[in-house]
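Dear colleague,

Please find below the sequence and structure that I am handing over to you.

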Amino acid sequence: MLNVKNADMADFEQIMKIYKYAQDYMIKSGNPVQWGHFYPDAELIKSDICQNVCRVIYDKDGRHGVFALFKGAEPAYKHIENGNWLNEEPYLTIHRLAGDGQVHGLFQCVLNYCKNISQNIRADTHADNQIMQKLMEKNGFMKCGIIYVKNGTPRIAYHWTAS
């Protein structure tokens, strides 16, 4: 059974291995530019851990996934093109979800975890990340438009709401 917990610095090496696996997988799967071999970097992950936004997904055999979870307004989501958010209620934002390729059900685990905290969840992904787009749409996320991340590149914006 998969569980979620706040990451700590003892998880750092395993987290970086998970991200390395995910970077390689994304490149091989036709999405070479979203993360490449440079994102997320070690400093960002250390910062996420220190800010208590980094979560690990684990079972009895170890850590298999990682993501960042933010409460409150996401600056990149203030402006959305070619659409609208489903509502303007408080929301969680899922960023940097990655797995080690050893277990299935990471996205469902993350979604269940988030649904216990909020009735509104937002996320975004690169146009080339077909896997994440299908996972979000299969799990009730609605495509809402296009947002731009900090480096100016576009992302498809998704929103799930219980209402």
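Predicted model: local features only at pLDDT ≥ 70, side-chain atom pairs only at ≥ 80, totals over all residues.

**Helices H1 and H2**

Helix H1 covers residues 12-28 and helix H2 covers residues 42-50; the two pack with their axes 11 Å apart, at an angle of about 130°.

When residues up to four places away in sequence are not counted, Lys46 touches Met9 and Phe12. Lys115 is 69 residues from Lys46 along the chain, and the C-alpha atoms of the two are separated by 26 Å.

The loop between H1 and H2 contains Pro40. The peptide bond that leads from Tyr39 to Pro40 is cis, with omega near -10°.

**Helix H3 and its surroundings**

Helix H3 spans residues 106-115, and its buried residues are Leu106, Phe107, Cys109, Val110, Leu111 and Cys114. What do these buried residues of H3 pack against? Their partners are strands E1 (3-6), E2 (54-59), E3 (62-71), E4 (92-99) and E5 (120-125), together with helix H4 (130-138).

Gln108 also belongs to helix H3, but this residue is partly exposed, with a relative accessibility of 33%. Gln108 and Asn139 are 31 residues apart in sequence, and their C-alpha atoms are 7.9 Å apart in space.

Gln102 is placed in the loop between E4 and H3. With a relative accessible area of 60%, Gln102 is exposed. From Gln102 to Gly36 the separation is 66 residues in sequence and 21 Å in space, C-alpha to C-alpha.

**Val56 in strand E2**

Val56 is located in strand E2. Is Val56 buried or exposed? Val56 is buried, since its relative accessible area is 0%, and the limit for a buried residue is under 20%. Leaving aside neighbours within four places in sequence, Val56 is in contact with Asn3, Val4, Lys5, Ala7, Asp11, Ile15, Arg63, Gly65 and Val66. Asn87 is 31 residues from Val56 along the chain, with 29 Å between the two C-alpha atoms.

**Cysteines**

How many disulfides does a search of the whole structure find? The search finds 0. Cys54 is accordingly in no disulfide, and the nearest cysteine sulfur, that of Cys50, is 10 Å away. Cys54 is buried, at 2% relative accessible area.

For Cys114, the closest cysteine sulfur is in Cys109, at 9.3 Å. A disulfide requires two cysteine sulfur atoms within 2.5 Å, so the sulfur of Cys109 is too far from that of Cys114 for a bond. Cys114 likewise counts as buried, with 0% relative accessibility.

**Two asparagines with positive phi**

Asn52 and Asn82 are described together here, as each has a positive phi without being a glycine. Asn52, in the loop between H2 and E2, has a phi near 60°. This asparagine is partly exposed, with a relative accessible area of 46%.

Asn82 sits in the loop between E3 and E4, and its phi is about 60°. At 72% relative accessibility, Asn82 counts as exposed, the threshold for that class being over 50%.

With kind regards

Notes. Residues numbered from 1 in each chain as written. Heavy atoms only, no water. Buried < 20%, exposed > 50% of the residue type's maximum accessible area, 1.4 Å probe, protein only. Helix = DSSP H or I, 4+ residues; strand = E, 2+ residues; numbered from the N terminus. Contact = heavy atoms within 4.5 Å. Axes fitted to C-alpha atoms, helices over the stretch in contact; angles between N-to-C directions.
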